[in-house]
Structures are given as C-alpha cells and as structure tokens.
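Have the viewer open and take the points in order.

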Amino acid sequence: MNSRKPYAILVAFVVVASLTGLISGPAGLGLGDLVAVLRGGGDQQARLILLEIRAPRVVAALLIGAALAVSGGLFQALLRNPLAEPYLLGVSSGAALGAVLALVTGFAAASGAMLPLAAMVGSLAAIGVVFRVARVAGEMDTRILILAGVVTSAFLSACITLLLVLGPAEALRSAYFWTLGSLSGVSWGMNFILAVYSLPATFFAFRLARDLNALSLGEEAASALGTDVERAKRTAFVIGSLLAAVTVAVAGIIGFVGLVVPHGVRLLWGGDHRRLLPMSFLAGGGVLAFADAAARGPWGPVEIPIGVVTALVGVPFFLVLLRRGTTR
Amino acid sequence: MTLQLAGVSLTYAGSQAPALAGVDLVFEPGTHTAILGPNGAGKSTLLRVLAGLLSCDEGEAMLDGQNARDWSRREFARRVAFVSSEEENPFPTRVRDYVALGRNPYLDGWRAPSAEDKGVVTFALERTDLLFLADRYVGSLSAGELQRARLARALAQQPAILLLDEPTVHLDLGHEFAAFEMLAQLAGELSLTVVSVTHNVNMASRFCGRVVLIAAGRVVADGAPEPVLTPENLARAFDWPLETFVQPGLGIVALPVSRRSRP
Amino acid sequence: MLGWVSRLIPPAVTAAIVVVAGPAVLSAQITIEDDLGRHVVFSEPPCRIVSLIPAVTEIVFALRAERCLVGRSMYADHPAGVASVPDVGQAIGADVEKVLARRPDLVLLIAGTDNARTVELFERLGIASLVFRLNRLPGLRDTIERMGRVLDRENEADSLWNSIERQLDSVRQRTTNLRIPTVYYDIAYPPAITVGAGSYLDSLIVIAGGRNAFHGVSSPSPTVSLEAIVLRDPDIIVHPISRTWRGAIHPTKRPLWRGLRAVTSGHVREVDADLLHRLGPRIGEAARHLAEALHPELTGQRP
C-alpha cells in the first residue's frame, strides 16, 4: 500500500469517526438533530446533550487518541522496539497511584479537578524516577529504561493494591473503573487543557522526525549522521511521557491505542517518522473517536469502559494487519 | 580540513589494559590511510575517537584544531562521515530514502529536501552504482549492495573526510577489489581524506598511500606500505610468523606460516 | 387386683409423657432453608451466633435476642449495644480464625461470590451457617421470619415485621396525594452508579412517593452514562452521604452535571447513606427519611 493519498484517507476517517461519535448515544439524536442544533435551533435537551456532552467527548477522543498514538510512536522509536507503548515507563501506574491516593484519602471529593491533578502528579513523579534510574554516566541507557519502567510499574501497582485493600470499599470501585478508562464527564475546559498540553508537544515531536529516522539505525550511526543522540532521546522521552500523562489524567488508562495505531500506520505506510507521526496523530484520533462512539452505543443507558472497547476491537484488527503487512 | 589524534589514551571501564595508549597521528587532506592490526588492537576504538563518537581519557582528537567533542554533531557530520560495518536494521525503507539520510546534517525538522539535496543524493547513488536500485527496499539488497548503500549515504553528507570501519568485511574477492578501487577513485575525484580500518593487507598496500600498523593500543609502524608491511613488523604486530611477497603492480601479500615449522 | 394396675402405672405415665411431650420434643427441631437453598437443622435454638451481616445483627437486637450474639462484623454500628459484642472483622471474606475463636454454633453470612469460599470452609469445619441475600424488601420479611424461628422468637418476629409494614404504609399514605418526582439516586461517582429495579431502594423510592429514573434497568446497581441521565431529566437527585466515606464528589461539583435541571434548580437532596443502605429493621425509618427528602413539604418546608 503506497502513497494512495494516505492523508486524504485519514482525514476522511477522522471526519466520519467524529460524526459517528456525535450521533451515537442512548438519546437517539441523529444527523438531523445535529444540523438543527448547529444552526442554533433544536430543543434544550438536544442542545445540552449534543453540545455539552457528546461534542466535548468527541473532541477529547480525537485529542487523546492522537496524543496516545504519537506518544506510542515516540516510544517505539526511542526504545527501537515495535512493542513499546506509552504506558511502558510508569506513566499509567504512577497516575493510578495518584488517583487512588486521592480517592482513598477523600481528597478527590474536594473538587472535580482533584482526581486529574492527582493522576498527573503521580505520573510525572513516576516518570521522573524512571528517568533518573536510567541515567548511566550522564547518558540515557535505553535498555535500562525499559527495565526501570517495568519494575517501577510493578512496584507502584503493588502499592496501589495495598491501598485499595486497606481502604474503603467505595474507593476500590471508583479506582477500578478509573483504570478502565472513560471519557464521561469531559468538559470543554478539560479539552482546553488537553489541547494546550498536547498540541505544542506534538508539534515538537513532529520536528524530531528526522532524528528519529536516524536513531533507527542505532545510536552510533545516528550520531555519525549529525544527530545529538542524548538530546533526541531525552526529547522523545519527555514529550512521549507528557502526552501519555496528560491523557491519563483526563481519561484514565486507555490501552492499545498507543501500541496498535503507530504500528498499524507503520505496516501500511512505512516507518519514515516524518509521515508516521502525523499519520498516527490522525489515525489515533479517529480510532478513539470510533471507540468512544461504540462505548456509548445503542447498549441502553449502561456505558462500556472505553479501554474494553479498544482492546476488544483493536486486537483482532491488528492481527489482520500483521498478517497482511509483513511482506516488505 | 585536518583530522588528528594527539596523545590519545583510552581504557574501557572494567578492563586492565588500555585500548589506546599515547597515540599521535595526523591525517593530511587528500590522503588514503589504512589502519591495520590484530583483533583487539584498538583499530575500531581509534576510528571512533577520530569520529567524535568516543571520548578519551587523555589527549584529544581534533578536527581543524578543535576538539572533536566540542564540535556540534551537525557541524561535524557535514565534514566527517563515519561508516561502520555493522548497523541495526532500519524500518523498511527504500534505498533512495536510506541514502537521503545522509542529508540530515543539512536539514532540520520541518524543511523538505531542496532540489540541491535531491541532486546530491542522486550523485551519491550514481557514483556507487546504485541508481538502478534506488527504488528497491534496503532489506532486499545483498550484503555488498548494502555496503555500497552505506557508502552512498556517507557521500551524501558531502564530507571532506571519510572514516570507514572494515568497509569490505562482507564482500567477496571481486566486490572487495571493486570497493577499494571505487574508494580510491572517489578520493582522488572529490579530494577526500579517507581512513579505512581493514584486515586486508593486500588491498591496503595497493590502494593506500599510507599504512598505520597498530598493536595493543600503540602505533607499531607508520608510513608507506612497503617499509611498514615487513615480515618483522607484521609478525610483531600479529604475534604470528609471516612471510611477505611483493608483486609489482599487485601489491604486498602477507602469508602466515605454521608456528611448528619455525624454531 | 390393684397389683397389676400399679405395675401398669410407670409405663402408662411414660407413654403419656411421650404422647404429650413427644411432639414438643420433635418440634424443638428447627429446619431453616437459607437463600442458597441449603437446609440447616437445629435441635435447639443456637445461642452462640456470629453475625456477619450488619442488618441481621440489628434484627437480632430487635428480636431481643442479643445475648445470643457472640460476634459481629466491623460494620455493625446499630444499635448502641452492639459495641459490646466482640468485633470479628470483615463481613465478606471473613477472618475465619477470628470467627472460630468465638466458638459459634451459627454463623450468618451475606450471599456473594466473595463469600462462597468462606461458606464452604465453615461447612467443612462442621459449623452451621446461614447465607442471606437481602436485596429486595420481600427478602427482609423472609429473613426476619427465619431469624424468629432460629431464635425461638417467632412472636417478636411477627410483631417486628408488622411494625415495619405499618411504618412503610404510613409513609405510603403520607405521600399518596403528593406530586411524584422523578428521582436519580446517586449511589456513586465516578463512575455514575445508580439503582435499578433489582434493588430494594427502587421499591423504597416508590414507597416514598417517587419514581426511579432508571426503573427500566433490571440490574440492582447499573453504571449509566450522563447522557442517559440527561435524557430522563430527573426532578430530584438524591445524594447519599455516609459517615464512613467522605470521598464522594458532590453532584454540584461534577463538571458536566451543572447542566442538569435538578442541579440548576437546587433539587439535590442529601440523605443518610448509613440509614438507607441497610435493609434491616430501620427500613421504615429509612423510608420516612427518603420521603422527607423527596417531599420537603412533609416537614413543613417549601418543596
């Protein structure tokens, strides 16, 4: 599959996904209602649902899916491993620990912003620890990075379990659902924060593309080609972690997007990061918008956690892609 | 554009013996030097110090009088190209894009390659006889073709100096000869300074104006091929008895002798 | 002649005793079927009972049989006298050793997958146990009746249930002519968990003169989307507050809930979770409490 205008396909994908997201949900509002509301009309309830509930969710899905896919691409380049994903280095367990602490101590009740804030702080702290551990003689050793991430995650998970076992039962329930990921309750305010954090970060990630291409040849060859290897690794790590952390803070843990999307894009359109990263940005957003629509679909009032949808759909789709795409 | 080592010593962490000890070498512009020596002599280490990829414990490597590690990697890469014999497998990429990576030191994140950049890549592909393979995937190339592709990538950097670590290690007799011949041609044509680490005594003697013999981190001999590649020097360096034969026009051949046949 | 009559007297007396007292002795055997379908037979009323169900602990006290209580779970907090009953810890996944230390002849457990192993363990150890489900109102009546039989307090059990029924009826009557609001019962957030038709709270809402917004969902505690809540446009949001769990986020502090009519018109009513979330003897009081939350005019306040 070559450059059959991949950007056109991806943009169309995003548009269709967004529309699907806007017309999905238990309220049964369709395209007609959407058009009416956009024109300024429509009844109050429809306006509330479309503009205050569904639209922010769709936008959040686009932003979060994009951020996760770019983050996954960055980590796959940094660790030179196609199985790398945004949560590998402690982002998710750090965030979960922050969230659980907030729930168990009751701080989460103080305001709607406490939970995301606590999650953000937790993930940044975990990333900081992993970064520190992987610094050997002033350089980032990527093999140690993976190990440090895995070990840190395991330790933090144990801490979380301990807290939940000793804490009140209500905290357990809230924590469990938080780890499954959810875009419910996302407001325009949170979208603004998401955009402010993730869009500039993504911009810098795109600029790193050439260096990432060189890095795929190995650190020595990359350095010989003029790449400041330590700076490139550090930048990839920081941006990738920041993108993952801000998404976890807002929506909890949403798996598979960060792993499957960049890998899928690579299988379809090659691994040149100048294309891989922007295309993953679009593809990730579309994928998550579809997943969110499915989570809210015609299943009645009950909502499926979005992490479940991404796993159930993402894995078979990815397996199909793997079988088709390994001919180069 | 002079590259030199001044009093360079380097010991790898955890090892007793130094990898390089007090090495002084100057590489004049336009010369083709071969670095020869046994395994573990420090040849690759020496080349990497020259390329600014390793820092030394004592002394320094200098490009045009400035410490190699003080140059920005981009600026350095515009002047010095380093090609190693082993590399990690990149993601599937076409030969043309692979060679185009050599333009990285001249491009930054956003800028698309200019017509000039594309011209340099085509030139590199031409000179390494890879133009007909430009649209093939790197994964489908033979070892020899891949080695040429790496050389093309190095040429795309438009360097003044070319550092090659065992550039012909995967090549058979014919391809090895062709590679050395091409190097000599390019060096003359583009006025490149070439430093090649090699095991091949014959190729070194035929194509290189200067041979540096290294053993145990020290320079054993340094000069034109004939005076350097003597049985005594070679036996001392390789710790193995050798006989040499000089054939006019075909260079020097060194043949090892069985230890048992010598007293 | 009086001789052989007098020899008949001991056996005759014995026969008389057997005939008269026999049924009484036989009927002293109590057979109880619990909510798992298990049959437990008692030859006499057990009097070393460990109750791991706070609601049933309250029932035991209400039946005035608390002297037979030798252990209770850590969650039992009512009535005041329960504090002097030894605490054996967890109600689900109990610390079996702690329970055994009380040398019980009966253990009461709540139904659930987490308790299945504990039940099996007690069976293997030969300790009688009864498992109760207690999630619907009829279940409460059955449980009270059975506990009455177990404790040989059937009369007290009858009057307890009658008193509860009277309380519930009284609430029904007081709310009969009032407007019926649609109620969203806010069990938890995040995620948004409410009550469905499978929960006694759904019945309680009806008794209190309201209508459960999610009555159409059969599960006892479904997780629902905000959109579904907006769609049902509840008149009132009932927000339970617990003494032990202070970590719940108030509906008015949740980012998107501010758009709900119930929130903008100030119809978020706080209720006592500790009272409402226990299906036990005080359920009548709970119904009245809920009714007052749904209809402030009952206590003379403006609706």
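1. Which strand order does the open sheet of 6 strands in chain B have? Before the answer, please keep in mind that this is a predicted model. The order is β6-β7-β8-β3-β9-β10 (chain B), and the pairing is mixed. β6 (80-83) and β10 (218-223) of chain B each have a single partner strand and stand at the edges, so one side of each is left without a neighbour in the sheet. Direction ignored, neighbouring strands of this sheet are turned by 15° against each other on average.

2. Strand β3 (residues 32-36) of chain B runs parallel to strand β8 (residues 193-197) of chain B, and 4 bridges link them. If you want a place to start, find B:Ala34, which stands opposite B:Ser196 in β8(B).

3. A helix covers part of chain B's strands. Helix α9 (residues 231-238) of chain B lies across β9 (210-215) and β10 of chain B. Relative to β10(B), the helix runs at about 155°.

4. Helix α4 (residues 115-127) of chain B and helix α5 (residues 143-156) of chain B have axes that come within 8 Å and cross at roughly 140°. That angle makes α4(B) oblique to α5(B), and their crossing is right-handed. On the α4(B) side you will find B:Val120, B:Val121, B:Ala124, B:Leu125 and B:Arg127, which meet B:Ala152, B:Leu155 and B:Ala156 in α5(B). By type, the residues of this contact divide into 7 nonpolar, no polar and 1 charged.

5. One backbone detail in chain B deserves a look. B:Asp64 has a phi near 50°, a positive value in a residue other than glycine. Most residues other than glycine have a negative phi. You can find B:Asp64 in the loop between β4 (58-63) and β5 (66-67) of chain B.

6. Now to chain A, and another pair of helices. Helix α5 (residues 114-133) of chain A packs against helix α11 (residues 229-251) of chain A at an angle of about 155°, and the axes are 8 Å apart. This makes α5(A) roughly antiparallel to α11(A); the crossing is right-handed. Among the residues of α5(A) in this contact are A:Leu124, A:Ile127 and A:Phe131, while those of α11(A) include A:Phe237, A:Val246 and A:Val250. The contact of α5(A) with α11(A) has 12 nonpolar residues, 2 polar and no charged.

7. Chain C has a helix pair too. The axes of helix α5 (residues 137-150) of chain C and helix α6 (residues 154-175) of chain C come within 7 Å, crossing at roughly 160°. α5(C) is therefore roughly antiparallel to α6(C), again with a right-handed crossing. The contact includes C:Arg141, C:Glu145 and C:Arg149 of α5(C), as well as C:Glu154, C:Leu160 and C:Trp161 of α6(C). Its residues divide into 5 nonpolar, 1 polar and 5 charged.

8. Strand β3 (residues 49-51) of chain C and strand β4 (residues 69-72) of chain C run parallel and are joined by 3 bridges. C:Val50 stands opposite C:Gly71 in β4(C). Between β3(C) and β4(C) the chain passes through helix α2 (residues 54-62) of chain C, a right-handed β-α-β crossover.

9. A peptide bond in chain C also calls for attention. The bond from C:His78 to C:Pro79 is cis, with omega near -5°. Most peptide bonds are trans. C:Pro79 sits in the loop between β4 and α3 (96-100) of chain C.

10. Finally, how do the chains meet? Between chain A and chain B, the contact takes 24 residues from chain A and 23 residues from chain B. On the chain A side, the elements that give two or more residues are α8 (188-207), α9 (209-215) and α10 (219-224) of chain A. That side divides into 8 nonpolar, 8 polar and 8 charged residues. Chain B and chain C do not touch, and their nearest C-alpha atoms are 39 Å apart.

Note on methods
Residues numbered from 1 in each chain as written. Chains lettered and ligands numbered in written order. Predicted model: local features only at pLDDT ≥ 70, side-chain atom pairs only at ≥ 80, totals over all residues. Axes fitted to C-alpha atoms, helices over the stretch in contact; angles between N-to-C directions. Parallel < 35°, antiparallel > 145°, perpendicular 65-115°, else oblique. Left-handed = near helix turned anticlockwise from the far one by under 90°. Contact = placed C-beta atoms within 7 Å. Nonpolar A, V, L, I, M, F, W, Y, C, P; charged D, E, K, R; others polar. Pairing = 2+ DSSP bridges. Right-handed = clockwise from strand over helix to strand, strands pointing away.
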